[in-house]
Amino acid sequence: MPEKYQLTPVEHELMEILWKLGQGTVRDVIACLPPNRHLAYTSVSTILRILQQKKIITAEKIGKQHIYLPVLSKEKYAAHSLNTMVKHVFSGNSVNLVAYLVNQQDLSLEEIDRIQKLLDSRKKELAE
Amino acid sequence: MSSHILSLHSYLSVNAAIMVSYLFARFILHLPYINAQISQLHKLKFARYCLAISLALFLFMPYLATLHPIQKANLEFRPVFHHTSHILAQSKDVVSEQLSSTENMPAKLPLKKLIVFVWAAGLLLLTFNYIKTVLFLRAFKKKTFCQHKIHNTYILYTDVSTVPFCWSFAGSNYIAVPAALLEQQDDKRLAIRHELQHIRQGDTSWLHFMQIIRLFCFWNPFLKSWMKWLGELQEYACDEEIILRRKTSPSAYAQCLVNAARHNAASELFSNGVIAINGISKSLLYRRVNMLFTYRTRKRSLTLIAAYAIGFCAISSAALALNGTSHSNPLTTKDLTAIIKHSDLQASFHIKATPEVVAEINRIRTNAKERSIMNAALERMKQYKPVIQAGLRNDAMPEDLLALPLIESGYRPLPASENRVQAAGIWQIIPETATSLGLVVNNKRDDRLNTELSTKAALKYLNSLYAQFHDWKLAVVAYEIGEKETEHLINESGSRDAWKLEQSYRLSANDKNELKKYLAMFDASVIIMHNPELISE
């Protein structure tokens with residue numbers, strides 16, 4: 001996946017809002033920011049336009065307003081981020097990541113069950 | 001003129017200009033009264049003015065000096081650089097000469113070549129570095145996102161850098177703003193204003209100019225001081241302008257500077273930028289913040305004019321002292337009279353600055369080809385000098401007769417076939433005279449080409465001419481045109497002054513000119529022999 005999908009923390013913050021909204025104008029995005037987060041209208045507008053240049057979102061002009069739509073889905077971004085993480089943090093080996101999750105994280109019995117089920121169903125798919 | 005500009009002499013001038021302008025500009029701005037009255041922006045402008053004007057003055061002072069209505073007659077005042085560049089340009093080097101005399105050592109230590117090599121290596125390295133920076137900034141630009149364009153100024157947002165900076169290239173200006181600053185609206189606004197002020201002041205263009213000078217004068221410590229000082233002045237001027245122009249509160253601005261410095265400490269990516277400006281270094285930060293609270297709001301144009309005038313006078317005087325005359329400038333009669341007075345010439349030839357002598361010296365001096373011919377002759381003279389000098393001293397003859405072979409042959413042992421009267425050797429003795437003086441001249445042997453024998457003969461002949469005419473100048477004339485002809489001329493002109501012999505009715509206009517030319521050449525050669533710097537390259 002290309003480098004351009006890398007997001008800065010603010011960009012990620014705004015993308016989260018857009019993913020949740022599906023689409024939106026600058027005002028829509030600002031309205032969804034937490035009350036203690038102060039970002040100026042011009043800043044949000046600039047960040048959204050940088051995202052547009054990175055081809056992560058597209059813009060449609062309706063009247064005087066620009067409506068921004070995500071091109072990159074959250075799943076794709078998650079996959080890309082995870083791949084980058086596995087590559088850089090876990091020496092490119094996903095087993096290392098799972099081992100870390102199982103050993104280091106405080107998983108409840110219920111969560112372990114759910115992971116087990118996921119693994120079982122994946123096993124079946126591969127066997128067929 | 002172009003050959004003069006591209007000489008070693010002007011290279012030295014440029015370096016001196018850098019040094020002198022730095023010392024004067026710093027000194028003048030350090031004067032308490034001026035320092036207290038002038039704003040930072042004017043200090044910056046003044047410093048640049050000093051640098052620019054001194055470069056111009058040092059390069060063109062030789063030409064400016066000729067425009068001066070009163071030509072200086074006092075030649076005790078001698079510009080330093082002619083001598084320095086002359087000495088440096090000579091390939092001889094004392095150390096290498098001493099080394100070459102010991103046989104086991106390498107023949108000649110190429111010290112001059114070594115210096116040129118180091119200089120060329122430095123030039124190449126810095127050029128490479130400059131191109132590398134330009135390419136880096138081009139690549140960097142592609143990774144940024146442009147949001148605003150004001151005329152030819154682009155505002156670029158970047159994820160890579162953590163500090164704002166700006167640069168100019170090919171008529172366009174660029175301001176790189178870290179995307180992280182988008183979260184701090186106030187800091188972002190101040191950062192852009194600050195960088196825009198840099199561009200408005202022309203800092204980015206000056207940086208290119210300074211870098212180009214640095215390519216050639218990188219070894220000059222004063223250039224380094226200049227760049228550091230200009231860098232500081234640029235930042236002060238920027239800071240002050242922003243506070244004065246936009247009514248920004250000094251404390252908010254100081255906070256912004258501190259924030260930027262904090263980011264800068266985390267990333268040293270651009271701190272050594274070659275042509276990009278990012279004025280946040282740890283030592284400068286304190287002074288910049290301090291300045292923010294002591295800025296001047298009053299404008300004192302009188303102080304400013306005084307500072308400019310002092311700067312101009314001081315720098316132009318220094319330029320005149322160090323580089324006041326050019327070897328390609330014609331000398332005046334007054335100049336030459338002063339030179340003759342100071343060069344302690346012997347009275348034997350009663351040399352005066354006649355218009356013919358002045359013209360002859362200027363002919364050699366102002367023509368590069370003539371200069372090099374004369375210099376080569378003087379160089380060859382060194383080889384023959386010991387023998388001839390010993391002979392002259394032995395017979396108590398004036399040593400200035402050394403100038404005679406200079407005009408006869410340029411100290412080249414020319415063969416008889418070279419001229420129509422069959423004269424040969426460095427003394428250009430004709431066959432009849434040679435035979436009468438006891439030299440052997442035949443198909444197999446020509447004693448005139450033997451320096452020792454021909455010198456002995458020539459001196460003997462000159463001595464006999466002196467015995468006949470009782471005047472060394474007339475002896476020299478007789479050496480050229482023959483004793484009988486000289487005798488006639490003396491009788492017909494009724495004068496024993498060599499310069500008046502031409503008044504003889506017998507001489508044709510052409511012969512008169514020839515005689516005057518010969519006398520002028522002899523006198524000029526004697527003067528040049530005593531003052532070789534008159535025709536230094």
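Mentor: Let's look at strand β4 (residues 172-178) of chain B, where six of the seven residues are buried, meaning that 20 or more other C-beta atoms lie within 10 Å of a residue's own, with C-beta atoms placed from the backbone (12 or fewer is exposed, in between is partly exposed). Strands here are DSSP runs of E of at least two residues, and helices are runs of H or I of at least four, numbered from the N terminus. Please keep in mind that this is a predicted model, in which local features need pLDDT of at least 70, side-chain atom pairs count only at pLDDT 80 or more, and totals for chains, interfaces and linings use all residues. Residues are numbered from 1 along each chain as its sequence is written, while chains are lettered from A and ligands numbered from 1 in the order in which they are written.

Now for the partners of β4(B); two strands pair if DSSP finds at least two bridges between them. Strand β2 (residues 153-158) of chain B runs parallel to β4(B), joined by six bridges, and here B:Thr153 stands opposite B:Asn173. Strand β3 (residues 165-169) of chain B pairs with β4(B) in the antiparallel sense, over five bridges. In that pairing, B:Trp167 has B:Tyr174 as its bridge partner. β3(B) and β4(B) form a hairpin with two residues between them, and in the turn B:Ala170 has a positive phi of about 50 degrees.
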